[in-house]
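Q: Please take a close look at one helix packing site in this protein. Show how the chain around the site is arranged.

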Amino acid sequence: AVQRLLTERNTFETLFGGGGGSVVRYFDMGIFTAESENAYGAVDNTFVHTLAVGGLLGICALTVLCLGALFQRHRSVLGIVIVNLVMFLSFDVFEWWLASVLIAVYFVIPARSSEAGSSDTEGSVEESSPAGVLSR
């Protein structure tokens, strides 16, 4: 499906994607098939779904977001980020609002470092987890 997304769409859609709702059109065009995705008309891969909807620009933005989340996380939250990234390979995360909210909480909200002036560079879980950030 990735090869067809890159070669069978016009240049604008390849770069910027087809937008919301374009996945149904791509199934109708034969870019996605029941054999390549699933019989329910869903693209069960967040990266492929993002390429379809957001194009190369969208996949680049998602890659930057994922890399930023991996390298900016406190190690207490890093496991959750890694699990979410693995989930991207088998689930169209951004089609479900609850999953999208969880991704925003763990990827977008920055980890809070320890209090200023403290020599403890790790900080406590409460200080650096998204729940700790939101509670202050």
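A: What follows looks at helix α3, its partner α4 and some residues around them.

The model is a predicted one. Its secondary structure comes to 8 helices and 0 strands. In sequence order the pattern reads α-α-α-α-α-α-α-α. The protein has 136 residues, and 34% of them are buried. Among contacts with a separation of 6 or more, 56% join residues 24 or more positions apart.

Start with the pair. Two packed helices are described by the angle between their axes and the distance between the axes. Helix α3 spans residues 22–29, and helix α4 spans residues 46–72. Their axes come within 9 Å and cross at roughly 100°. The range for roughly perpendicular is 65 to 115 degrees, so α3 is roughly perpendicular to α4. On the α3 side, the contact is made by S22, V23 and Y26. On the α4 side, H49, A52 and V53 make the contact. By class, this contact of α3 with α4 has 4 nonpolar residues, 2 polar residues and no charged ones.

Now take α3 by itself. Which of its residues are buried? They are S22, V23, Y26 and F27. These residues cover an arc of only 150° around the axis, so they lie on the same side of α3. On the other side of α3, V24 and D28 are exposed. The buried residues of α3 pack against α1 (2–7), α2 (11–16) and α4. Just after α3 comes G30, with a positive phi of about 90°.

Next, V53. This residue is found in helix α4, and it is one of the α4 residues that make the contact with α3. Its relative accessible area is 23%, so V53 is partly exposed; the buried class requires under 20%. Leaving aside neighbours within four places in sequence, V53 is in contact with F16, G17, G18, G19, G20, S22 and V23. Of these, S22 and V23 also belong to the α3 side of the helix contact. F16 is 37 residues from V53 along the chain, yet their C-alpha atoms are separated by 7.8 Å.

V48 is also in helix α4. At 11% relative accessibility, V48 counts as buried. Not counting residues up to four places away in sequence, V48 touches V2, L5, F32 and V43.

R4 sits in helix α1, one of the helices that the buried residues of α3 pack against. R4 has a relative accessible area of 25%, which means that it is partly exposed. R4 and I31 are 27 residues apart in sequence. Their C-alpha atoms are 5.7 Å apart in space.

Back to α4, at T46. T46 is found in that helix. With 1% relative accessibility, T46 counts as buried. Where do its contacts lie? Not counting residues up to four places away in sequence, T46 touches L62, F88, F91, D92, V93 and F94. F88 is also one of the buried residues of α5.

Helix α5 covers residues 75–88 and has 14 residues. At 1.5 Å a residue, α5 should span 20 Å, and its end C-alpha atoms are 20 Å apart, which agrees. Which residues of α5 are buried? V77, V81, N84, L85 and F88 are the buried ones. They cover an arc of only 100° around the axis, so they lie on the same side of α5. On the other side of α5, R75, V83 and V86 are exposed.

To recap the site: α3 crosses α4 at roughly 100°. The buried residues of α3 pack against α1 and α2 as well as α4.

Key
Residues numbered from 1 in each chain as written. Predicted model: local features only at pLDDT ≥ 70, side-chain atom pairs only at ≥ 80, totals over all residues. Heavy atoms only, no water. Helix = DSSP H or I, 4+ residues; strand = E, 2+ residues; numbered from the N terminus. Expected span 1.5 Å × (residues − 1). Buried < 20%, exposed > 50% of the residue type's maximum accessible area, 1.4 Å probe, protein only. Arc of directions from axis to C-beta. Axes fitted to C-alpha atoms, helices over the stretch in contact; angles between N-to-C directions. Parallel < 35°, antiparallel > 145°, perpendicular 65-115°, else oblique. Contact = heavy atoms within 4.5 Å. Nonpolar A, V, L, I, M, F, W, Y, C, P; charged D, E, K, R; others polar.
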